[in-house]
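Please keep the structure open beside them while reading.

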Amino acid sequence: MPQTLASLITSFILTFLVTPLVIGFFKKRNIMDKPGGRKIHTGDTPSMGGIAIFIGVMIALLIFMPLVGLQRFKFFYGAMGIMFMVGLRDDLVPVRPIVKLGAQFLASFMVIFLMDITLKSFYGLLSIEEVPYIISIVLTLFTLIVITNSYNLIDGLDGLASSIGIIAFFFFGIYFFLVGQTYYSMVCFGFIGALIAFLNFNWEPSRIFMGDTGALLIGFALAVITVKFIDYNHYLPEETPFKLTSSVAVGISVIIIPLFDTLRVFISRAMKKKSPFSPDKTHLHHILMRLGFSHSGTTLIMIATNIAIICTALALDFLGDNILVPLIIGLCILLSLMLDEILKANIRRKKKEVVKNFRRD
């Protein structure tokens with residue numbers, strides 16, 4: 001526990017000290033994220049806050065993680081370095097999507113083949129247990145890519161991605177500490193410290209964004225941690241005190257906000273015969289803001305929803321994945337439909353007010 005807390009405190013201090021330097025550096029050189037298009041910020045704001053997060057996390061782990069841990073995690077650190085560099089490059093000079101995807105494949109292959117972090121089965125979901133090795137690799141690769149990019153897609157609102165990251169890493173960090181996986185716990189708490197420090201500058205009104213530099217780094221780290229959680233928990237002995245029954249469902253619940261939002265947006269765009277990757281303002285945070293909520297208000301609503309779904313999954317863990325996974329998905333669909341109906345009713349009300357005011361004039 002002392003090493004875990006030390007990594008949290010150190011990453012917090014370093015990120016808190018470095019972030020203002022990053023802000024000043026990019027402001028001085030006028031390297032700013034300009035408002036406009038589907039962006040919802042109103043002023044020029046420096047991006048690439050991921051630089052401070054990366055420095056805080058990596059230095060903290062290099063200092064406090066024992067040599068045996070550094071040896072075991074060296075490929076994970078290398079993979080995170082790849083994601084950091086491609087994100088930084090994209091923030092400075094946009095790269096083609098195929099380049100970003102290639103970097104994600106390379107980083108994913110490193111943790112899959114060199115660290116053996118894989119989804120080795122369906123864990124009883126759909127009554128399927130063990131799967132062929134090649135299916136395991138494809139399933140793991142798909143999961144890593146989806147989680148990484150879904151997290152990157154929610155980085156469009158002051159404080160949202162940082163807050164969701166803190167919640168997810170906190171859950172996984174506590175879990176890994178309780179089951180004796182100290183090194184994974186240190187990684188999680190290292191990110192928690194950095195994200196809490198960064199949130200001081202990223203809350204409304206945001207002084208800096210994490211950009212792809214941070215979102216790809218954090219999304220990938222979160223993807224690896226999620227895969228490790230699902231696989232490790234499933235194969236724990238039954239008598240282990242902190243073993244959960246529904247590995248897949250609980251893992252999904254922790255990162256449900258970026259996962260469901262991405263799925264929802266892709267389906268919505270496909271129904272409109274648009275490319276799933278075409279930018280628009282159909283994300284959940286866009287809808288909440290159209291209902292009149294501020295940046296901070298929208299972020300707090302999504303944080304509360306995330307925590308509520310995690311608590312629901314933990315409370316109903318005994319049901320097993322075959323019941324709990326559809327239940328969580330159904331709950332999210334219901335909440336999404338309710339939000340859509342509220343938005344439609346709000347639009348109709350505003351139209352009626354416009355017509356009434358027009359007739360009065």
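1. In this predicted model, helix 4 covers residues 97-115, and its 19 residues reach 26 Å from the first C-alpha to the last, which is close to the 27 Å expected at 1.5 Å a residue. Its buried residues are Lys100, Ala103, Gln104, Ala107, Ser108, Met110, Val111, Ile112 and Met115, and they pack against helix 3 (67-92), helix 5, helix 7 (182-202) and helix 8 (211-234). An α-helix has 3.6 residues a turn, so residues three or four places apart point the same way.

2. Helix 4 is followed by Asp116, which lies in the loop between helix 4 and helix 5 and has a positive phi of about 55° although it is not a glycine. Is Asp116 buried, exposed or partly exposed? Because its relative accessibility is 46%, Asp116 counts as partly exposed.

3. Asn30, in the loop between helix 1 (2-28) and helix 2 (50-64), has a positive phi near 55°, and Lys273, which follows helix 10, has a positive phi near 60°.

4. The peptide bond between Glu204 and Pro205 is cis, with omega at about -5°, and Pro205 belongs to the loop between helix 7 and helix 8. For context, most peptide bonds are trans.

5. How do the axes of helix 5 and helix 10 cross? The axes of helix 5 (residues 133-153) and helix 10 (residues 256-271) come within 8 Å and cross at roughly 85°, which means that helix 5 is roughly perpendicular to helix 10. On the helix 5 side the contact is made by Val146, Ile147, Ser150, Tyr151 and Leu153, and on the helix 10 side by Pro258, Leu259, Thr262 and Phe266. Sorted by class, this contact has seven nonpolar residues, two polar residues and no charged ones.

6. Helix 10 itself has 16 residues and reaches 22 Å from its first C-alpha to its last, close to the 22 Å expected at 1.5 Å a residue.

7. Helix 9 (residues 247-254) is mostly covered, with seven of its eight residues buried. The buried residues are Ser247, Val248, Ala249, Val250, Gly251, Ser253 and Val254.

8. Which residues touch the most other members of the largest nonpolar core? Among the 105 residues of that core, they are Phe76 and Phe169. Once residues up to four places away in sequence are set aside, Phe169 touches Cys188, Phe191, Ile192, Leu195, Ile218, Ala221, Leu222 and Ile225. In soluble globular proteins, nonpolar side chains tend to be buried together.

9. Tyr232, which is placed in helix 8, is in contact with Tyr175, Val179 and Gln181 when its neighbours within four places in sequence are left aside. Between Tyr232 and Gly159 there are 31 Å in space, C-alpha to C-alpha, and the two are 73 residues apart in sequence.

Note on methods:
Residues are numbered from 1 along each chain as its sequence is written. This is a predicted model: local features need pLDDT of at least 70, side-chain atom pairs count only at pLDDT 80 or more; totals for chains, interfaces and linings use all residues. Side-chain values use heavy atoms; hydrogens and water are left out. Axes are lines fitted to C-alpha atoms, for helices over the stretch in contact, and angles run from 0 to 180 degrees between N-to-C directions. Helices (H or I, at least four residues) and strands (E, at least two) are DSSP runs, numbered from the N terminus. Angles under 35 degrees count as roughly parallel, over 145 as roughly antiparallel, 65 to 115 as roughly perpendicular and the rest as oblique. Contact means heavy atoms within 4.5 Å. Ala, Val, Leu, Ile, Met, Phe, Trp, Tyr, Cys and Pro count as nonpolar, Asp, Glu, Lys and Arg as charged, and the others, Gly among them, as polar. A nonpolar core is a set of buried Ala, Val, Leu, Ile, Met, Phe, Trp, Tyr and Cys residues joined through side-chain atoms within 4.5 Å. Buried means under 20% relative accessible area, exposed over 50%, partly exposed in between (1.4 Å probe, protein chains only). The expected span of a helix is 1.5 Å times one less than its number of residues.
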